[in-house]
Amino acid sequence: MTSSTHVQPAGKTEAIVSVRNLGKVYAGGFEALKNINLDIRRGEILALLGPNGAGKTTLISIICGIVNASEGSVVADGHDIVRDYRSARATIGLVPQELHTDAFESVMATLKFSRGLFGKPPDPAYLEKVLRDLSLWEKRNNKIMTLSGGMKRRVLIAKALAHEPKILFLDEPSAGVDVELRHDMWQMVRRLRENGTTIILTTHYIEEAEEMADRIGVINKGELILVEDKNVLMRKLGKKQLTLSLQQAMQSIPEGLAGLPLELSEDGMTLTYTFDTQSEETGIAGLLRRLNEQGIDFRDLQSSESSLEEIFVNLVRKPKGDQA
C-alpha cells in the first residue's frame, strides 16, 4: 500500500481525524510529507512507526496546528484545523518530544492555566485524578524547575490532558524516561482508551507498539507506506520459522535439500526453515519427508513467528511500491 492509497476505517467505526492529500515542503525545499491520506478511528490506539526524519513529528505538528501544511486538509472531530482552528485544537492534547515547561510555575498552576486556555471551567477533582494517575499529586505545589526529567515528562502528559481532549498525541513519549514512568504511562494510556480517548503515538520502542496499538502506520521518507490492523499486519507480513535441533552436526546442507529456505547454524547442530504464514502450503510435510529420505534425525523442533520489529525493518528497506 503506497502513500497515495486512501485508508478507510473498517466497518461502522467512524474517523475522528481525517487527513487528505497532505503535503509539507519546508522553505529550503525539503519535502517532509508527500500526499498523506489517513483516517484515524475514534477510540483506537494508532502507532506511527518510522526512522528518524521520516516525517512522524511533522505529521503530528500539522494535525495539532503547530506547523502549516503546504497542501491538503485535516479535519479533527468534525472541525477543519485551519478554518475552525480553536474548536479543532480544543479536541486535541499533545505531549511533545521536547521538555518545554514553564519552569517557575507550580505543577498545579500550569495545569489550571492549560485548562483555562481552552475555555474549560475549573474542575479540581478532574485535575487531582490526572495528577494521581501520573503519581504527581504529591508534587502538585512544586515548581516545575525543581523536578527530575522523568517528573517533567509526567507534567507534560498531565498538561496535555488538562482540558479533557478527545484525541491525544504522544510524540516519542518513552524517549529517555525510566521504566517506572513508562509502565505508569502505558497503564494510563489503556485507561484513557477505555474511556473513549483516541490515542496516536509515535515511538521507537517497537515492542510497545506491538503490545499497545490496534493499528500500525509506517512512515518512511515522508510517505505513509502502510496502515494496517496490527494482527493483520503480523499475519500478512510475518514469517514463521521452524527450528530443528539435529542429533548430529552437519558440515553443510546436503544437495537433497537444495532449493529449500533452510539455514544451518555455525555449529552445524540447528537447521532453520522459514515459511510464509499466508501460503496455503507451508511445505513442512515435504521438508520432514526429505529429511527422512536423507537420513537426517532431529531431537527437537520449535516454531516461532517474526516480531513486529523484523517486519518494520523489512518494510523500510523495501523499494517504494514493493510493500504488501
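Student: Which residue stands opposite Asp 80 in β5?

Tutor: The general idea is that strands of a sheet pair through backbone hydrogen bonds, either parallel or antiparallel. In this predicted model, the residue opposite Asp 80 of β5 is Val 75, and strand β4, which covers residues 71-76, pairs with β5 in the antiparallel sense over two bridges.

Student: What is the order of the strands in the open sheet?

Tutor: The four strands of this open sheet follow the order β2-β1-β4-β5, and their pairing is antiparallel. Because β2 (31-41) and β5 (79-80) each have a single partner strand, they stand at the edges, and one side of each is left without a neighbour in the sheet.

Student: Which helix lies across β1, β2 and β4?

Tutor: That is helix α1, residues 56-63, which runs at about 120 degrees to β1 (15-25).

Student: Is Ser 61 buried or exposed?

Tutor: Ser 61 counts as buried because its relative accessibility is 12%, where the cut-off for buried is under 20%. Leaving aside residues up to four places away in sequence, Ser 61 touches Ile 66 and Val 67.

Student: Which residues of helix α3 are buried, and where do they fall when seen down the axis?

Tutor: In general, an α-helix has 3.6 residues a turn, so residues three or four places apart point the same way. In α3, which spans residues 107-117, the buried residues are Val 107, Met 108, Thr 110, Leu 111, Ser 114 and Arg 115. Seen down the axis of α3, these buried residues fall within an arc of 165 degrees, and therefore they line one face of the helix. The cover over them includes α4 (124-133) and α5 (149-161), while Gly 119, which follows α3, has a positive phi near 75 degrees.

Student: How many helices and strands does the protein chain have?

Tutor: The protein chain has 10 helices and 14 strands, and of its 324 residues 44% are buried.

Conventions
Residues numbered from 1 in each chain as written. Predicted model: local features only at pLDDT ≥ 70, side-chain atom pairs only at ≥ 80, totals over all residues. Heavy atoms only, no water. Pairing = 2+ DSSP bridges. Contact = heavy atoms within 4.5 Å. Axes fitted to C-alpha atoms, helices over the stretch in contact; angles between N-to-C directions. Buried < 20%, exposed > 50% of the residue type's maximum accessible area, 1.4 Å probe, protein only. Arc of directions from axis to C-beta.
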